[in-house]
Amino acid sequence: MVNTSMSAESIWSAVLGQLQIGLDEATYSTWLSNTEGVVVQEKSFVVRVPTAFGVAWLERRLYAEIQSSLKRVTGRVLDIQFTVSSQLPVESNAKILTEPISNILSMDDTPVSVSPAVAKSSFRGNERYTFDKFVTGPANAMACAAAQGVAASPGAAYNPLFIYSAVGLGKTHLMQAIGAASFASGCSVEYSASETFTNEFINAIRTGTTDDFRHHYRSADVLLIDDVQFMVGKEQTQEGFFHTFNELYTAGKQIVLTSDRPPSELGMLQERLVSRFSGGLVVDIQSPDLETRIAILDDKAEQQGFTLPYEVCEFIAKRNKKNIRELEGCLNKLRAYSIMTGSPITLDYAVEILGSLIGNRAIGDVTSDDIIGTVASCCQVSVPEILSRVRTKSVVEARQIVMYLLINELFMSPTDIGRALGGRNHATIIHGAGKISAAISEDDSLRALVMHAKEAIFTSAAA
Ligand code: ADP
Ligand code: MG
């Protein structure tokens, strides 16, 4: 039995690190990157997830992987309870889902048109996303100052505040920080990912409860809608949002929006929404410079209760220039490996663990066919067998190693991998790759086999 004294937060960050190793970037960032470990008990572990849809997806798709990761970190088999962000986890036997799983029709990657009923509970910030945990530098200072201005006097400073940037640069963090600060000063706050907003809206139409929907959102002093680009192409939602927006706006309530692009590039069907969005202050966040990235890493490590030697911070920061979520991902991976193996985090160790995954990948020349071919010969099976439906043990293992390597080395999406492997669905790929990533840490011969395949792939590609 190990690590029983770890906090839920640090257990979860180690688990996330492991999961990240086995999952493709899109799956990881869509379903896991904004989750939190909130309670660890004798037999159970509570994870907070931003949306009810996310809860259902994780339960269906990743329960087993998460459970085995948790076991590796804590030494115990724990029941996992997923809870939606806006709800506080209650006691141990808390009822977790806000809706029956059966309500969720399609479990594919695409957003579904069925959603939870509008959550009754109000905003509950994420303690990781506050102003004091936001590190500023030239690239984000303006956005941060605007956000602080809004939080200091909601509805008065800049309305609406529109923050845009590429993914993983702190929009949600700043937005939630505004929410937390306004909530603390007594405002009622509504936070919604625009996808959730859309789903709720459609659901409200379907069940004839649009009045409740409107009332719910219009009672907010501060309305935060994250990632409004997801409303693109959803005319009815835009229409619904337009009315909510106007009502709140004229009542002097604060509205904050984020997006991956400026309002003018949204291509909204409702042109008038674009002009509303641009009517307040529009700020962007750029990729942070090296110093800021180092400071962020240092801060994140400290929040997780460990220190990262400066040269390790620098190593990670130099290799990850664009995206803070990736920086955090490296930190989590490194920490997960270090917990699993008991090695201290030194520069050499960081290079060993992260070296092949980030930075100067001479991988440009490697194709999925190279990987399939090399794995086939390492595992002594044939390429057609890998692509076939054959389910003998050695073929299944070879196929799963291919999935694992395509995800981790070529960063392919599960859908594309499914295609490359003779038309398999993406759930099969995630499952297969997850199996290898889980087994690698326990099975020395498998690890050796995968390392050998990897070596063969890159040496033959370099030749
Ligand atoms: P976005 O919404 O733009 O995709 P997020 O707000 O989710 O990005 O940020 C991704 C991760 O990076 C979060 O964990 C967040 O805390 C962290 N992050 C982003 N910017 C900063 C910053 N300036 N200081 C500290 N952490 C940051
Ligand atoms: Mg975001």
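1. Exposed means over 50%, and partly exposed lies in between. Note also that this is a predicted model.

2. Start with helix α17, residues 393–408. Of its 16 residues, 13 are buried, so the helix is mostly covered by the definition above. At 1.5 Å a residue, α17 should span 22 Å, and its end C-alpha atoms are 22 Å apart, which agrees.

3. Look at each face in turn. Ser44, Val46 and Arg48 are buried on one side. Phe45, Val47 and Val49 are buried on the other.

4. Which strands pair with β2? Strand β1, residues 36–40, pairs with β2 in the antiparallel sense over 4 bridges. The two form a hairpin, with 3 residues between them. Strand β3, residues 79–84, pairs with β2 in the parallel sense over 6 bridges. Follow Arg48 to see both pairings. Glu36 stands opposite Arg48, and Arg48 also stands opposite Thr83 in β3.

5. Next, the second largest pocket. About 700 Å³ of space lies in it. Its lining has 29 residues, and Tyr337, Ile353, Tyr404, Ile440 and Arg447 lie nearest the centre. Helix α17 returns here: α17 is among the elements that give two or more residues to this lining, as are α1, α4, α13, α14, α19 and α20. By type, the lining residues divide into 13 nonpolar, 10 polar and 6 charged.

6. How many aromatic pairs does a search of the whole structure find? The search finds 13. Take Tyr63 and Phe82: their ring centres are 6.5 Å apart and their planes lie at 75°, so the pair is edge-to-face. Tyr63 is in helix α4 and Phe82 in strand β3, so this pair links distant parts of the chain, 19 residues apart. Tyr63 counts as partly exposed, at 23% relative accessibility. Phe82 counts as buried, at 0%.

7. Compare a pair within one helix. The rings of Phe241 and Phe245 have centres 6.0 Å apart and planes at 75°, so this pair is edge-to-face. Both residues lie in helix α9, residues 235–250, and are 4 residues apart, about one turn of the helix. An α-helix has 3.6 residues a turn, so residues three or four places apart point the same way. Phe241 and Phe245 are both buried.

8. Finally, ring pairs link a cluster that includes Phe241, Phe245, Tyr249 and Phe277. Phe162, Phe197, Phe201, Phe213 and Tyr217 belong to the cluster as well.

How values were computed: Residues are numbered from 1 along each chain as its sequence is written. Chains are lettered from A and ligands numbered from 1 in the order in which they are written. This is a predicted model: local features need pLDDT of at least 70, side-chain atom pairs count only at pLDDT 80 or more; totals for chains, interfaces and linings use all residues. Side-chain values use heavy atoms; hydrogens and water are left out. The expected span of a helix is 1.5 Å times one less than its number of residues. Buried means under 20% relative accessible area, exposed over 50%, partly exposed in between (1.4 Å probe, protein chains only). Two strands pair if DSSP finds at least two bridges between them. On a 1 Å grid over the protein atoms alone, a cavity is a set of points where a 1.4 Å probe fits but cannot get out, and a pocket is an open set with protein on both sides within 12 Å along at least five of seven lines; lining residues have an atom within 4 Å of a point. Grid points are joined across faces, edges and corners, and a volume is the space filled by probe spheres set on the points. Ala, Val, Leu, Ile, Met, Phe, Trp, Tyr, Cys and Pro count as nonpolar, Asp, Glu, Lys and Arg as charged, and the others, Gly among them, as polar. Rings of Phe, Tyr and Trp (its six-membered ring) pair if their centres lie within 6.5 Å; planes under 30 degrees apart count as stacked, over 60 as edge-to-face and the rest as tilted.
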